[in-house]
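User: Hi! Could you walk me through this protein in simple words?
Analyst: Happy to. Let's have it in view before we start.

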Amino acid sequence: MMNEEEYIRSKMGQKNPFKVPDGYFDKLTQQVMDRLPEQQTDRLPEQQTNEQQTKKKSAIIRHLRPLLYAAACICIAVFTATFFFGSHVEEDDTVANAQQDATYSDTYIDEAADYAMIDNEDIYYGLLADI
């Protein structure tokens, strides 16, 4: 079997199908230079410094933009974590307050039972009567 290169050479021949127009590279540099925008050298020094300052500012902003994005992501993460973890702390406080209320109500019930002169046997009878 024939090699691919040999097959292509047998079909196309040894002639190079790619050609460059005569004098193309001689005119190329001049054509490129003609297409470039001309620099204005008649500007005032104040205008040049203002343009240089704006270029420096835009370069600084361009370099700091990823850092600003990262800082914004970190702030969002911190606020989100604070929101979620802060709500759990409040729930724990609510549970602790409910336990304190239950303790307070138990002491109140004990005082009320003492005031009404109800002893343990009366409480047991009352609970059994509900069954």
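**Salt bridge and helices**

Analyst: The side chains of Arg9 and Glu5 meet in a salt bridge, at 3.8 Å from N to O. The term means a side-chain nitrogen of Lys or Arg within 4 Å of a carboxyl oxygen of Asp or Glu. This is a predicted model, where local features need pLDDT of at least 70, side-chain atom pairs count only at pLDDT 80 or more, and totals for chains, interfaces and linings use all residues. Residues are numbered from 1 along each chain as its sequence is written, and side-chain values use heavy atoms, with hydrogens and water left out.

User: Where do Arg9 and Glu5 lie?
Analyst: Both are in helix α1 (residues 4–12), 4 residues apart, which is about one turn of the helix. Helices (H or I, at least four residues) and strands (E, at least two) are DSSP runs, numbered from the N terminus.

User: And how many salt bridges does the whole structure have?
Analyst: The search finds 1.

User: Okay, new topic. How many helices and strands are there?
Analyst: The protein has 4 helices and 0 strands, so its pattern along the sequence reads α-α-α-α. Buried residues make up 1% of the 131 residues.

User: What about helix α2?
Analyst: Helix α2 (residues 24–35) has 12 residues and reaches 16 Å from its first C-alpha to its last, close to the 16 Å expected. That expected span is 1.5 Å times one less than the number of residues. Helix α2 is hardly covered, with 0 buried residues among its 12.

User: Now the rings. How many aromatic pairs are there?
Analyst: The count is 2. Rings of Phe, Tyr and Trp (its six-membered ring) pair if their centres lie within 6.5 Å; planes under 30 degrees apart count as stacked, over 60 as edge-to-face and the rest as tilted.

User: Why is the pair of Tyr24 and Phe25 edge-to-face?
Analyst: Their planes are at 80°, with the centres 5.3 Å apart, so the pair is edge-to-face. Phe25 is exposed, with a relative accessible area of 58%.

User: And the pair of Phe83 and Phe84?
Analyst: Phe83 and Phe84 are edge-to-face too, with 5.4 Å centre to centre and 70° between the planes. Phe83 is exposed at 57%, whereas Phe84 is partly exposed at 46%.

Conventions. Buried means under 20% relative accessible area, exposed over 50%, partly exposed in between (1.4 Å probe, protein chains only).
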